[in-house]
Amino acid sequence: MPRERFLVFGAPLIEEPEIQEVVDCLRSGWLGTGPRVARFEEMFRAFKGTRDSIAVSSCTAALHLSLEALGVGPGDEVILPALTFAATSNAVIHAGGTPVFVDVDPRTMNIDPAAIEAAITGRTRAVIVVHFAGRPCEMDEILAVTTAHGLDVVEDCAHAIEAEYHGRPTGTLGRLGCFSFYVTKNILTGEGGMITCDEPDLGGRLRVLALHGMSRDAWHRFGDEGFVHYDIVDAGYKYNMTDLQAALGIHQLPRIHRYWERRAAIDARYRDALKDLPLTLPLDAAPETRHAHHLFPIQVDVDVAGIGRDAFISRMHRAGIGLGVHYRALHLHRYYRERFGYRPGALPAAEGIGDRTVSLPLSPRMTDRDVDDVIEAARATLASAPAGG
Ligand SMILES: *Cc1c(COP(=O)(O)O)cnc(C)c1O
């Protein structure tokens, strides 16, 4: 029997304090980049333990700015995994560089360190790693390769705000870390992003590039410290976060651990309740790491389950359960095939996952009843499939 109310995939949990803070922000008249952004940046900086943290309008903006600030431009190649969201590779193109897709490890779903090494050419400038689904990448192996070749590492931490690798937080492992506070992410500001940075000069440059290339930001210019002229020192972007967005973030961030615990509990429940089904479940978290539990990607193989991924999604949808697909392999999307000449079969692990993967809902907003409904619908869907083989 379908649920009464459709379970929307990635529905956000927004609580009263941030609603009140948004109202207070509106009443204050300061909607642009101001005191709430400064507070959110300071809170995030303390959360990550970095020297600087720069709030921006999205993780896409964070990735683009990071590559610009590191000097990636025309003729430069940037290596990244084929199993990621389009923003990761589009940012390379926005910076004028060339994305070079490489394969992932079929078990961890993260970029394969050996594939990075194999893809390095004389034009390679940087590597973007994506901590997929919240699982930190194999950073020891990756950094051994990138250090040996003098390459910068940018971490796409959109799935992995609270993840840690061998005691070190994500966003502090490479040269720059990029975070997303999009509605479906582990904490949200509606739209929003953050760059973590340990180098004062680079942080200063990112801040200038994020706001038109102005030498001082608007908050300092119009504050009570006296009028100061700005100078345009670069052709910067309009990538600043606003106080309306930060009003959400300053209340969401202190709850990040509570939300994580809830998602970790749902993850554990799914593992236990689905382990006898003809599905591939995601790997358990690796030792000495903290998994951010952003996604719960299962794989539905028609030869094993008797039903393909897309049919599984349709049936779950009819049962009232919304699902996500993270992701169909990016190099096979039309733009990348046509512009860079990728062909099916080039990156088999990413393509195989892309054909079989589907993400179950994993949100702190879900009740135990919601979780049971997902499990029951998955069991019923697979039980009604023709026998595997
Ligand atoms: C969501 C996401 C992004 C983009 O984040 P925005 O804040 O929406 O720009 C980038 N990379 C990955 C892996 C994502 O999941």
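Helices (H or I, at least four residues) and strands (E, at least two) are DSSP runs, numbered from the N terminus. The model is predicted: local features need pLDDT of at least 70, side-chain atom pairs count only at pLDDT 80 or more, and totals for chains, interfaces and linings use all residues. Residues are numbered from 1 along each chain as its sequence is written, and side-chain values use heavy atoms, with hydrogens and water left out.

**Exercise 1.** Determine which residues are closest to the ligand and which polar contacts they make.

Step 1. A residue is near a molecule if one of its heavy atoms lies within 4 Å of it. The ligand is surrounded by 16 residues, and Cys59, Thr60, Asp156, Ser180 and Lys185 are the closest.

Step 2. By class, this shell holds seven nonpolar, seven polar and two charged residues. Here Ala, Val, Leu, Ile, Met, Phe, Trp, Tyr, Cys and Pro count as nonpolar, Asp, Glu, Lys and Arg as charged, and the others, Gly among them, as polar.

Step 3. A polar contact is a pair of N or O atoms within 3.5 Å. A polar backbone atom of Cys59 is 2.9 Å from an oxygen atom of the ligand. Polar side-chain atoms also take part: one of Lys185 lies 3.1 Å from a ligand oxygen, and one of Tyr327 lies 3.1 Å from a ligand oxygen.

Step 4. On its own the ligand has 390 Å² of accessible area, of which the protein covers 93% (Shrake-Rupley method, 1.4 Å probe).

**Exercise 2.** Describe the largest pocket and its lining.

Step 1. On a 1 Å grid over the protein atoms alone, a pocket is an open set of points with protein on both sides within 12 Å along at least five of seven lines, whereas a cavity is a set where a 1.4 Å probe fits but cannot get out; lining residues have an atom within 4 Å of a point.

Step 2. The ligand takes up the space of the largest pocket (more than half of its atoms lie within 2 Å of the grid points). α3 (59-69) and α4 (86-94) are the elements that give two or more residues to the ligand shell.

Step 3. The volume of the largest pocket is about 560 Å³, a volume being the space filled by probe spheres set on the points, which are joined across faces, edges and corners. Its lining has 39 residues, with Ser180, Tyr182, Thr184, Lys185 and His294 closest to the centre.

Step 4. At least two lining residues come from each of α3, α4 and α10 (256-274); α3 supplies the largest share, three residues.

**Exercise 3.** Locate Tyr327 in the chain and identify the peptide bond that joins His326 to it.

Step 1. Tyr327 belongs to the loop between α12 (309-318) and α13 (334-340).

Step 2. The bond between His326 and Tyr327 is a cis peptide bond, with omega about 0 degrees.

Key. Polar contact = N/O pair within 3.5 Å; in protein donor to acceptor, adjacent residues only side chain to side chain.
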